[in-house]
Amino acid sequence: MSAPDRSPAVDGDDPAGAAAAPVSPLDPWPATVRWQSISHDLIWVELIRLALTLAVLVIGLAVGWAVAGHWFFGAALGAVAVLAAWRVVAIVRAVRVWGYAERDNDLLVRHGLLVRRLSIVPYSRMQFVDVSAGPLERAFDLATVQLHTAAAATDARVPGLRPAEASRLRDRLTALGEDRAEGL
Amino acid sequence: MTASPGPAQEPTGPRPAESGADQPAWADHGAHAQQPAPAEPPAGADHPGHAMAGIEAGRAEQAGYAGQAGAVGPVAWPAGVPEGGEPRQRLHPLSPALHGAKSLVVVIAGLSWSTLSRVGFGWFAAMVAVLALGATVLALVSWYNTGYHVVGRELRVHEGLLWRRTRAIPLERLQAVEVVRPLLAQLTGLAELRLEVVGGGKTEAPLAYLTVADAAALRARLLALAAGAGAVPATPEPEAVPGAAPAPAATGRPLHAVRNKDLLVSQLLTPQAFLLPFGVAFVLAQFFSEGSTSFIAVASTLTAMAGVLLQPIRRVLDDWAFRIARDDEVLRIRNGLLETRAQTVPLNRVQTVGVTWPLLWRVKGWLRLRLEVAGYSAGESDDRNRPDRLLPVGDLPTGESIVTEVLPGVRLAALPLTPPPPRARWLNPLSRARLGAVLTDEVFAVRSGLLTRQVTLVPYARIQSVRLVQGPVQRRLGLATVHADTAGGAGAAAQDRDLAEARTLAAELTARAHTARLGT
């Protein structure tokens with residue numbers, strides 16, 4: 001509960017805190033789980049993504065305002081600014097919250113601020129592992145690892161990993177999955 | 001659904017030709033992982049791109065799995081006998097005629113009543129004839145170019161004239177084989193063979209049409225090969241073939257036969273049937289007030305009404321003479337009036353069992369059982385193809401006995417379901433008491449629904465992953481939802497449990513799923 005730049009949340013949870021602190025409601029078994037956070041460079045990736053989207057929106061609105069001169073466009077710009085500020089805060093916090101943990105038999109992934117999600121995926125259920133990196137992610141030297149099972153609903157995506165860590169995780173998941181492979 | 005055992009972890013390099021059809025799907029995957037990744041990508045700035053290339057290669061490879069000998073995309077048509085296999089076989093010569101006749105219905109529907117009124121009957125008939133003839137010619141061309149044969153442990157289906165396609169269906173991935181007989185096929189003594197595989201977006205390779213004997217023989221052979229490949233352990237295929245005659249008794253130990261009267265009554269107890277009189281009254285009132293009773297208006301109205309009634313009527317037709325039997329570790333389901341279908345569902349492929357109590361059926365105390373099997377996509381438009389019915393209608397004791405057959409040890413009436421804590425009423429003002437979840441010795445059971453009550457049963461060994469989700473309101477109330485994801489269907493979700501309980505549930509589910517997998 002002592003993380004900087006964060007006001008204590010409603011029920012005092014603080015998933016961005018120290019790795020082993022039993023603080024989040026979605027952080028069960030603190031004794032056995034060692035959470036690893038993802039690279040904070042992902043914040044920049046997400047912010048640039050946001051900026052690109054906003055730039056288009058803002059330019060459109062500004063042109064509209066200049067041409068039509070209606071107050072509505074000004075109000076919309078204001079709304080966009082407020083939204084952008086909120087998104088910036090959300091992105092920063094969301095990236096800090098995002099974490100994963102490798103246990104003996106399963107991979108834990110937690111993410112989400114408004115809606116908090118914790119996924120528990122047994123290695124034995126792994127069908128394949130995806131490692132991907134978009135141009136922005138590559139520019140910041142990051143990659144995303146995604147674990148797929150036979151269930152479409154499985155939600156085990158870990159973005160913002162260093163390539164070395166991504167390939168280590170991939171190899172480990174593959175090795176463990178192969179050891180314990182069960183398929184369906 | 002991305003349930004393909006893709007070798008995405010292998011960076012680059014072609015797959016060795018020998019690892020392929022000779023191993024089960026997941027062992028195949030393992031075989032990939034075992035290779036010591038010779039071209040281990042160097043850790044560095046270029047790595048992600050490298051990895052991406054690897055993924056692409058993996059995908060392309062997977063797509064090219066069809067070719068196995070490296071043939072991807074437009075395949076050179078193997079002229080003679082392909083390598084190490086039997087000659088390719090054509091479908092039954094009557095197939096194009098049947099396809100053409102089928103398209104006739106589509107053509108008439110497409111032209112619609114209004115066209116008939118505009119162009120007159122003669123022209124209408126001519127248009128229908130031309131279009132149907134065209135469709136038949138296309139079907140003939142497609143029939144000429146379609147062939148199938150079994151190579152090793154794969155069924156290969158070749159098709160297409162301009163865009164040639166060869167699909168190889170690894171039999172280890174076979175989930176079920178169905179022999180389906182639509183009305184026209186029944187009249188001509190033919191049958192359609194449908195294969196369901198893991199990870200298939202839709203029913204793969206419907207072989208339409210074969211003679212009934214051929215279809216049954218091929219089905220038995222495919223199942224035997226699949227069993228030999230280790231995918232369906234201990235599934236001896238008996239020599240008796242259910243698809244051989246229009247409606248023979250299902251083999252194995254009969255579990256239940258639904259009475260057709262019950263089926264009719266149950267479909268009358270649906271919202272559609274209940275609302276029909278109001279619709280008829282409305283239409284009649286309109287007619288008499290306006291006095292316009294032209295043929296077109298009547299025909300259009302009747303078509304619209306048929307549309308509303310389509311679902312109950314379809315259910316009646318589909319589930320007519322529904323019989324379920326158990327044959328060792330396999331469920332055999334036969335149903336259908338116009339289109340007789342024989343489904344074979346290995347019990348170890350059942351992912352979830354759903355029990356539904358529709359509102360109007362409560363008068364009779366009836367319920368409906370459904371099952372989800374991996375490999376059947378949820379998004380398939382024609383959901384009649386999925387073996388989802390375990391019991392179209394039945395009372396509680398019947399349902400209970402069938403559930404016990406599918407999931408031994410589960411007592412449907414005596415599930416000790418517990419509702420979420422009282423503060424969950426803020427999220428579910430009316431249905432809180434109807435929600436429930438329990439971990440029994442065999443299954444994870446959840447209940448939901450105020451008007452249409454539903455219970456979903458998930459065996460622990462079928463759980464693919466566990467998720468704990470907490471929305472903003474749930475956070476204030478100290479609640480969380482626990483999801484158990486399965487390969488087919490939506491899985492089960494225990495809604496709005498107390499946070500501590502949700503954590504325990506998640507931990508228990510994970511642990512039990514683990515031990516259950518070890519046990520099997």
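**Close-up views of a predicted model**

**View 1. Helices H1 and H2 of chain A come within 10 Å of each other, axis to axis.** H1 covers residues 41-68 and H2 covers residues 71-97. Their axes cross at roughly 180°. Angles over 145 degrees count as roughly antiparallel, so H1(A) is roughly antiparallel to H2(A). The residues of the H1(A)–H2(A) contact comprise 20 nonpolar, two polar and two charged.

**View 2. Strands E5, E6 and E7 of chain A make an open sheet.** The order is E5-E6-E7, with antiparallel pairing. Strands E5 (126-132) and E7 (156-161) of chain A are the edges, each pairing on one side only. From one strand to the next, the twist averages 15°. Helix H4 (residues 163-179) of chain A packs on this sheet. H4 touches E5, E6 and E7 of chain A, and its direction makes about 170° with that of E5(A).

**View 3. Four bridges join E6(A) to E7(A).** The two strands run antiparallel. A:Val145 stands opposite A:Val158, a residue of E7(A). Strands of a sheet pair through backbone hydrogen bonds.

**View 4. A:Asp141 has a positive phi, near 65°.** Most residues other than glycine have a negative phi. A:Asp141 sits in the loop between helix H3 (135-139) and strand E6 (143-149) of chain A. Within 10 Å there are 17 other C-beta atoms, so A:Asp141 is partly exposed.

**View 5. B:Asp496 also has a positive phi, near 50°.** B:Asp496 belongs to strand E19 (residues 492-498) of chain B. Here the count is 27 C-beta neighbours inside 10 Å, so B:Asp496 counts as buried. The cut-off for buried is 20 or more.

**View 6. A cis peptide bond joins B:Ala208 and B:Tyr209.** Omega is about 0° at this bond. Most peptide bonds are trans. B:Tyr209 is found in strand E6 (residues 204-211) of chain B.

Key
Residues numbered from 1 in each chain as written. Chains lettered and ligands numbered in written order. Predicted model: local features only at pLDDT ≥ 70, side-chain atom pairs only at ≥ 80, totals over all residues. Axes fitted to C-alpha atoms, helices over the stretch in contact; angles between N-to-C directions. Parallel < 35°, antiparallel > 145°, perpendicular 65-115°, else oblique. Nonpolar A, V, L, I, M, F, W, Y, C, P; charged D, E, K, R; others polar. Buried ≥ 20, exposed ≤ 12 C-beta atoms within 10 Å, placed from the backbone. Pairing = 2+ DSSP bridges. Contact = placed C-beta atoms within 7 Å.
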